[in-house]
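Let's take a walk through a protein model together. Have a look at the sequence and the 3D view, and then we will go step by step.

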Amino acid sequence: MSEAIAFAAWWLRHFEWFVLAYFLVLNSTYLVMTLLAAVDFGRYLRRQPFAGHADVFANPLTPGVSVIVPAYNEEVGIIDAVRAMLSLHFPLFELVIVDDGSTDETFALLHGELDLVEVPRRATGDIVLLSEVKTVHVPRRGEPVVVVRKTNAQSRADALNAGINFAQHHLICMVDADSLLDPEALLRVVKPFVDDPTRVVATGGVVRPANGCRVEQGEIVEVGMPKGWLARIQVVEYLRSFLLGRTGWSSVQSLLIISGAFGMFRRDLVLELGGLEPHCLGEDAELVARVHRHLRDQGRKDYRIVFVSEPVCWTEVPSTRQVLARQRRRWSRGLAEVLWKHRVMMFNPRYGRIGLVVLPYYLFFELLGPIVEVLGVLTVFGLLSIWAAGQLLGQDAWLINTDFAVLFALVALGYGFLLSLAALTVEEFSFHRMSSWRDLVISFGASVLENVGYRQLHAWWRLKGLWWWLTQGDAAWGAMPRVGFAAPTPKPVAVAIGPPVPVAPLLAEVGVSAPVRNVPGPDRSIGATGTMEPNAEG
Amino acid sequence: MLQLTTLALAGVLVIMGCAISARRLWRASSTRVEERRQGRLRPLVMACISVDEPDLRPLERVLPADVPTLEALIWHLLTKVRGAVRMALVEWLIECGAVERARARTHSRDPVRRAIAAERLGDAGVLETSADTTRLLDDRYADVRIVAARALGKLGNGAAVPDLLATLESPRPVPAGIVSMALVHLGPVAVDGLAHSLGSRSAVVRGVCADLLGLHGALQAAKWLSLLVEHDPDPDVRARSAVALGRIGFPQSAEVLRRACAALPSNPIAVRCASLRALGRVGGGPAVAALQVAIDDVDDDIGQAAAEGLAAIGAPGVRVLTMVGLAEGVGRERAQDWLIRVSLENDSRQRRAARRPRPRVVAP
């Protein structure tokens, strides 16, 4: 018995060296990304005095943007979101809202707010959808909005594809219905397309937690820390991993993930690719992977996918453990689906840095890494148990190597805390969105908790996501209860919807009888010229 | 070794914490100082320029420590004012040597300084500085080239057109969107240079020139654009020339556009679509007839473009849309869709007009 325990202790000690090496490499990668991001921010901020955003706004050749917003049961915040998006500072854009079979008052609220009228509009895109488009509506007053109603296919990607089919501008921007964009967000994510139109094919914007921020009229007016520690930890996590991590990858032309909450693509390219993958939970990352693959297969190496760090999309992050766990399981499963689908790119020099560095990184550290982390935690407990047993039984050979334990704590926890603090430092020297000292102190505390407790729990959730994918469980998004952004305001009154709002009187003015209901047209794709068309065509 | 590592880590953490705190304190302090300076200088500057004849002589009494802030304030104001006020500010900048310093900084080793210098020279609009800015069109750094192109546009020197167009195909290029914006900023002085460059060997240059001539409404270039629509070897240039003709709205170009939208093998879909939309802007009987034929095209893009063109023409186009909307052809839905758009647009226009306050008529 004691021999077996001694053997187990020997094996566990050696395994811990492997876990130590894993944490060392992983945290060092984060550190490299943080340093690259810091350099990139420095360059970016020094260039702001002559960035020329006003010129982008005034330029008659700035491409138009179709902002695609999939909405499923978003009655809590849809009107605020629409009002905010219609106030975005950009010369030419439209809002394409896809009501994805909502069972609540989402459409009724839109109908009342925008005074919608049904139109027999055909889709100009040819992406195949899982479910049918029922009707298309536009506001009577002339706001640049199109509301597409479709039956729910349990796929956010399918809703986005429907929106892309009805979009009319050269660029599409996919935004979540519960997100708030900074007023100049579109200007800033469009700028890379204006500055480098032949090479830039996609841009992504940073996403920050809106929990705890003060919102007025659909705009974040004051950044604050949320009340709950779970959300506070996510603020630090988003800073480190989304802002710094993605900026770092983008600076070496190796960006794999553009957040589904805020990403912009060339519409002709997305149509060429057949739209987003409707059966994939990680449809945003899958699209970017497919862009890389498609362009590389065509022999193009000079394309660029840019992460723009300044414009911010604010979104509500989960504030309860159950919802957060569900979200992270879903992300992990989505990542597994993407890596599996594009496994041919893995270690393949044909795909450059994406194939040789980025995908292997995501495989070993983001997807399989939780296995190591969870086993590492179990190993620690195992060794502690063996040590305790050894104390009771007087077995000196089962002593813990305290030097190693200290080293392990330094690499796994201390190094992690250093990275979180580095993220706060870079944020303070660059965008400094946290104005109060209190919020700064809270962030320090959240940085500690992120590495002690939260990280281990996160690894467990990601492991469950991986298991979920391996066992091919049912892929569904699940519900995230929304609380909305603004202070409580009177709930907009939903307009009772009867038969479609009469278009006949409109057409009667010009002598046309009752309209034909919108039916899917023949599959057509727009002839792409490959150039940026003027935003006011002849 | 372990103790050393622990100490090093603890040290780094403490340093970072101190750095964050120090940065925050420094920012708060410098913001306060700057706000105080701005609070002193801004009213002074505003008082100097808010008169019929701006006079900046009082600014000579500003303290030397405040001069950099004053200069930055005036550079900033330069982009927001026009006329006599702007001229007064530019003269002040010239007299205090700020423009010369900006010219000197175009030779700086730091690309950010070069770019800021180019931006300022463009804002100042002093024609004598064109050469300094033009030189930066060939800078190693793309940021600097982009700013230089923008600055040349603001300088308003028509002679810069060939230099700007040359950057489109240069080994150190400037993006077409930036060049186009600069050419828009140049205004009518650019038209001759653009028309001349329609004969360039580069399809990119011809395309940009077509776009810009359309935006400038250059009637004198309509003849050349018509030739490009029919004969240019590049379909993209043909399409953009058609768009330009639509913007110019030259009625005599209807025949060329009509030929370009015909269903012939020599007319790619993009050219046909652009020509149909342009016909909608040009108008006239032949335009309506051509659009009426195209709205029933089996290709959805062609049909939509024709419907859009008919909607743009006005009453004759609406009559055709109505006819097609009642008939059983392929174009029925397209016509109905655009009729609704026209109707909604009219409705919206009437509502806006109704909301406008009516002028009071005062009895004599």
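At roughly what angle do the axes of helix α9 and helix α11 of chain B cross? Keep in mind as you look that this is a predicted model. Two packed helices are described by the angle between their axes and by the distance between those axes. For helix α9 (residues 176-186) and helix α11 (residues 203-216) of chain B, the angle is roughly 35°, and the axes come within 10 Å. The crossing of α9(B) and α11(B) is right-handed.

Now zoom in on the residues that meet there. From α9(B) come B:Ala176, B:Ser180, B:Leu183 and B:Val184, and facing them from α11(B) are B:Val208, B:Leu212, B:Leu215 and B:His216. Sorted by class, this contact has six nonpolar residues, two polar ones and no charged ones.

Next, step back and find the place where the two chains touch. Here 65 residues of chain B are in contact with 73 residues of chain A. Together the chains bury about 5,900 Å² between them, and carbon and sulfur atoms give 63% of that area. On the chain B side, the residues that lose the most area to chain A are B:Ile20, B:Arg24 and B:Glu333, which together make up 13% of what that side buries.

What about charged partners across this boundary? There are nine salt bridges between chain B and chain A. In one of them, the side chain of B:Asp110 meets that of A:Arg46, with 2.5 Å from N to O. Helix α1 (residues 2-49) of chain B supplies the largest share of the side that touches chain A, with 15 residues. By class, that side of chain B divides into 30 nonpolar, 13 polar and 22 charged residues.

Finally, count salt bridges over all chains and you reach 62. One to find is A:Glu113 with A:Arg83, at 3.2 Å from N to O. A:Glu113 lies in helix α4 (residues 106-114) of chain A and A:Arg83 in helix α3 (residues 78-86) of chain A, so this pair ties together parts that are 30 residues apart in sequence.

Key: Residues numbered from 1 in each chain as written. Chains lettered and ligands numbered in written order. Predicted model: local features only at pLDDT ≥ 70, side-chain atom pairs only at ≥ 80, totals over all residues. Heavy atoms only, no water. Contact = heavy atoms within 4.5 Å. Buried area = accessible area lost by both parts, 1.4 Å probe. Salt bridge = Lys/Arg side-chain N within 4 Å of Asp/Glu carboxyl O. Helix = DSSP H or I, 4+ residues; strand = E, 2+ residues; numbered from the N terminus. Nonpolar A, V, L, I, M, F, W, Y, C, P; charged D, E, K, R; others polar. Axes fitted to C-alpha atoms, helices over the stretch in contact; angles between N-to-C directions. Left-handed = near helix turned anticlockwise from the far one by under 90°.
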